[in-house]
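This briefing sets out the main features of the structure shown below.

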Amino acid sequence: MDMNNLIFLTEIWIILAIVLIVADLVLGMNYLLLPVGVACFFIAILVFLKNNGLVPDFISFYNWQHVGLWFAGLSLVSIGLLKLYGRSKLKSNEDINKY
């Protein structure tokens, strides 16, 4: 199997997502791998929908480079969302040393 065949398997993306999320939680990586794992889940959903013909034409998955671009974009979006969530949580708890 070459890379073009493996990249279009939903199972590969789900396994990669689970490994990255569990590694982030077990190794204590301070949410470094979590957004990338979440992006893997989204790519798994998109690849599954594309394989079944349910995705519109503006999402192009013709080769591994297109999948890589979508993965990079979704990783950046999930990193941004995690940072926004972290900032909103910090603002609600101004000082942790209240006596």
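**Briefing: surface patch, core and aromatic pairs**

Helix 2 gives the most to the nonpolar patch, with six residues. The patch lies on the surface of a predicted model. The protein chain contains four helices and zero strands, and its elements run α-α-α-α from the N terminus on.

**The nonpolar surface patch**

- The patch is formed by Ile14, Ile18, Val22, Leu25, Val26, Leu27, Met29, Tyr31, Leu32 and Phe41, which together have about 970 Å² of accessible area.
- Val22, one of these residues, is placed in helix 2.
- The relative accessible area of Val22 is 45%, so this residue counts as partly exposed.
- In sequence, Val22 and Leu34 are 12 residues apart, and their C-alpha atoms are 8.5 Å apart in space.
- Leu32, also a member of the patch, lies in the loop between helix 2 and helix 3.
- Leu32 is classed as exposed because its relative accessible area is 54%, where the cut-off for that class is over 50%.

**The chain as a whole**

- Of the 99 residues of the protein chain, 27% count as buried.
- The protein chain exposes about 7300 Å², of which carbon and sulfur atoms supply 68%.
- Among contacts in the protein chain with a separation of 6 or more, 59% come from residues 24 or more positions apart.

**The largest nonpolar core**

- In soluble globular proteins, nonpolar side chains tend to be buried together.
- The largest nonpolar core has 17 residues, and those that touch the most other members are Trp13, Cys40, Ile43, Phe61, Val67 and Phe71.
- Two or more residues of this core come from each of helix 2, helix 3 (34-51) and helix 4.
- Helix 3 gives the most to this core, with six residues.
- Cys40 is in contact with Trp13, Leu16, Ala17, Leu20 and Phe71, leaving aside its neighbours within four places in sequence.

**Aromatic pairs**

- Two aromatic pairs are found in a search of the whole structure.
- One of them joins Trp13 and Phe71 in a tilted arrangement, with 5.4 Å centre to centre and 45 degrees between the planes.
- This pair links distant parts of the chain, with Trp13 in helix 2 (residues 10-27) and Phe71 in helix 4 (residues 64-92), 58 residues apart.
- Trp13 and Phe71 are both buried.
- Phe61 and Trp70 form an edge-to-face pair, with 6.4 Å centre to centre and 85 degrees between the planes.
- Phe61 has a relative accessible area of 6% and is therefore buried, whereas Trp70, at 27% relative accessibility, counts as partly exposed.

**Thr10 in helix 2**

- Thr10 is placed in helix 2.
- With a relative accessible area of 13%, Thr10 is buried, because the class covers values under 20%.
- Not counting residues up to four places away in sequence, Thr10 touches Ala44, Val47, Phe48 and Asn51.

Methods
Residues are numbered from 1 along each chain as its sequence is written. This is a predicted model: local features need pLDDT of at least 70, side-chain atom pairs count only at pLDDT 80 or more; totals for chains, interfaces and linings use all residues. Side-chain values use heavy atoms; hydrogens and water are left out. Rings of Phe, Tyr and Trp (its six-membered ring) pair if their centres lie within 6.5 Å; planes under 30 degrees apart count as stacked, over 60 as edge-to-face and the rest as tilted. Buried means under 20% relative accessible area, exposed over 50%, partly exposed in between (1.4 Å probe, protein chains only). A nonpolar core is a set of buried Ala, Val, Leu, Ile, Met, Phe, Trp, Tyr and Cys residues joined through side-chain atoms within 4.5 Å. Contact means heavy atoms within 4.5 Å. Accessible areas come from the Shrake-Rupley method with a 1.4 Å probe; for residues, only the protein chains shown count as cover. Patches are made of residues with over 30% relative accessible area and no salt bridge: like charges are joined within 9 Å, nonpolar side chains (Val, Leu, Ile, Met, Phe, Trp, Tyr) within 5 Å. A salt bridge is a side-chain nitrogen of Lys or Arg within 4 Å of a carboxyl oxygen of Asp or Glu.
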